[in-house]
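Here is a friendly walk through one protein model. Please keep the structure open beside the text as you read.

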Amino acid sequence: NTPGLGAAQQTLAQLHFDGKLDVVPEIASGYAAAYTLGVLGIILSMLIIRAIFKVKLDKESRQIEEETAASVLKPHLVTYKVENQLIFGKPLDELMKLIDRNFVISRIKKSNNEVIIPQSSTIIEQGDLLLIVLSIQDEDALKAFIGSTVEMDWEAIHAPVVSRRILVTKSEFNGRTIGSLRLPMGYRLNATRVNRAGVDLLANPNLTLQMGDRLTVVGKLEDINRLAERLGNSMKRLNEPNMITLFVGIFLGIILGSIPLAIPGMSSSMKLGLAGGPLITAILISKFGPHYKLVTYTTMSANLMLREIGISLFLACVGLDAGVGFVDTVVNQGGFAWIGYGFIITFVPLMIVGSIARWCYKINYFTLMGLIAGSTTDPPALAYSNGVAGNDMPAVGYATVYPLTMFLRVLTAQLLILIL
């Protein structure tokens with residue numbers, strides 16, 4: 001892959017040619033010769049696996065939908081009537097402890113038609129109506145413990161309680177848990193849902209907030225406005241790129257990539273280089289950055305722009321290096337053999353591992369397409385997979401294996417040079 005090419009050039013130049021990259025053009029020529037047919041080998045392996053195992057795309061789509069519905073705790077709103085005598089007169093915090101489920105009580109309608117925002121000390125009484133946000137898998141369990149479900153339009157009730165979404169746009173709340181905001185005590189509000197990148201999540205007190213989250217809260221409008229002012233709630237703030245974190249990551253990545261790693265039996269030490277260093281640093285910052293007030297949020301358009309510009313500039317430089325003698329290399333210097341080697345290196349491992357993944361582990365075909373594209377870190381193969389699938393599963397599979405595969409390819413390129 002492209003970072004592996006950069007690592008190989010850097011290692012070979014430092015090892016034999018005193019840092020002069022222009023005297024090792026064969027690496028760039030080999031990359032340019034093998035790349036096109038290598039991409040075709042990736043796509044061909046996907047097609048052959050589909051034919052061998054007689055994959056039906058509609059069936060794979062239904063399987064994905066069923067697995068997603070079973071595994072994701074999507075917020076589900078249900079109104080319960082308190083009918084269980086065992087919970088009459090108990091405070092809300094005790095009720096939460098008795099029911100070992102993940103849910104949020106959004107609002108309570110008392111017998112005198114008063115609608116209130118529940119707090120931990122709120123007493124549950126017979127006939128109370130509880131609007132609860134929960135996962136659909138837990139609906140029957142709460143029904144058995146609390147009482148029967150009731151059809152009710154809470155929006156039609158004329159009460160000072162409303163529901164609003166608040167954008168988290170202040171960096172000091174990046175990495176904070178919902179529970180640390182103390183919404184019931186400090187604001188007389190309840191958080192019910194968090195929308196992150198288009199996905200609704202249950203507002204569990206232990207859920208960590210991120211920049212760009214949309215927090216759904218219920219309470220009086222003046223209390224909601226106070227919380228909105230504290231969290232930021234500014235769409236304009238999300239349009240501003242966080243350049244400091246970006247350049248901190250690049251700087252630390254260059255330092256990490258420059259550290260020599262001694263391997264027993266090798267005549268020379270190995271480095272992560274300009275490809276591996278920033279990659280590992282980016283993964284670490286995404287995990288631990290919020291603890292050190294590093295905001296990694298950026299808009300998708302800005303992310304794509306930086307990524308595409310970077311890869312385009314790199315490929316352009318590779319093309320300039322390899323273009324001078326490319327035709328002569330292919331025609332007169334065994335370039336056709338390089339193309340064949342590239343195809344074999346790509347196609348054979350993918351067929352073996354892909355067949356094992358499908359036959360033995362029954363991996364969904366759309367996920368498998370993403371794993372195949374990710375194992376080669378190849379964006380054109382991912383684009384083909386997304387086009388065939390029509391859903392996000394290839395992208396999820398690609399992103400899952402991409403970091404480790406990228407790291408291993410950077411190391412492999414250098415190991416080959418040091419060994420051979």
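Helix α9 covers residues 243–258, 16 residues in total. From its first C-alpha to its last it reaches 23 Å, close to the 22 Å expected at 1.5 Å a residue; the expected span is 1.5 Å times one less than the number of residues. Helices here are DSSP runs of H or I with at least four residues, strands are runs of E with at least two, and both are numbered from the N terminus.

Which residues of α9 are buried? They are Thr245, Gly249, Gly253 and Gly257. These residues sit on the same side of α9 because they cover an arc of only 95° around the axis, the arc being that of the directions from the helix axis to the C-beta atoms. On the other side of α9, Ile244, Phe247 and Phe251 are exposed. Buried stands for under 20% relative accessible area, exposed for over 50%, and partly exposed for what lies in between, with a 1.4 Å probe and protein chains only.

Local features need pLDDT of at least 70 and side-chain atom pairs count only at pLDDT 80 or more, while totals for chains, interfaces and linings use all residues.

The chain averages a pLDDT of 83, and 90% of the residues score at least 70; pLDDT is the predictor's confidence in each residue, from 0 to 100. Confidence in the chain is highest in helix α14 (residues 365–375), at a mean of 94, and lowest in helix α12 (residues 326–332), at 68. Where pLDDT is low, the predicted coordinates should not be read in detail.

Helix α13 (residues 335–359) has 25 residues, so at 1.5 Å a residue it should span 36 Å. Its end C-alpha atoms are 36 Å apart, which agrees. Among the buried residues of α13 are Gly335, Ile339, Gly342, Phe347, Leu350 and Arg358.

Gly41 belongs to helix α2 (residues 26–52) and counts as buried, at 0% relative accessibility. Gly41 and Val348 are 307 residues apart in sequence, yet their C-alpha atoms are 8.9 Å apart in space.

## The second largest pocket

How much space lies in the second largest pocket? About 600 Å³. A pocket is an open set of points on a 1 Å grid over the protein atoms alone, with protein on both sides within 12 Å along at least five of seven lines, and lining residues have an atom within 4 Å of a point. Grid points are joined across faces, edges and corners, and the volume is the space filled by probe spheres set on the points.

The pocket is lined by 23 residues, and Met96, Val104, Pro184, Asn190 and Pro205 lie nearest its centre. Elements giving two or more residues to this lining are α4 (92–98), β2 (103–109), α6 (183–186) and β7 (190–196). The lining divides into 14 nonpolar, 6 polar and 3 charged residues. Here Ala, Val, Leu, Ile, Met, Phe, Trp, Tyr, Cys and Pro count as nonpolar, Asp, Glu, Lys and Arg as charged, and the others, Gly among them, as polar.

Leu98 is found in helix α4 and is partly exposed, with a relative accessible area of 45%; its C-alpha atom is 9.4 Å from that of Ile87, 11 residues away along the chain. Ala191 lies in strand β7 and is buried at 8% relative accessibility.

## Loop residues worth a look

Most residues other than glycine have a negative phi. Asn113, in the loop between β2 and β3 (115–116), has a positive phi of about 70° although it is not a glycine. Asn113 is exposed, with a relative accessible area of 54%. Arg182, in the loop between β6 (161–167) and α6, also has a positive phi, near 50°, and is exposed at 61% relative accessibility.

Thr298 lies in the loop between α10 (273–288) and α11 (300–323) and is partly exposed at 29%. The C-alpha atoms of Thr298 and Gly212, 86 residues apart along the chain, are separated by 9.0 Å.

Conventions. Residues numbered from 1 in each chain as written. Heavy atoms only, no water. 1 Å grid on protein atoms, 1.4 Å probe; cavity = no way out; pocket = protein on both sides within 12 Å on 5 of 7 lines; lining within 4 Å.
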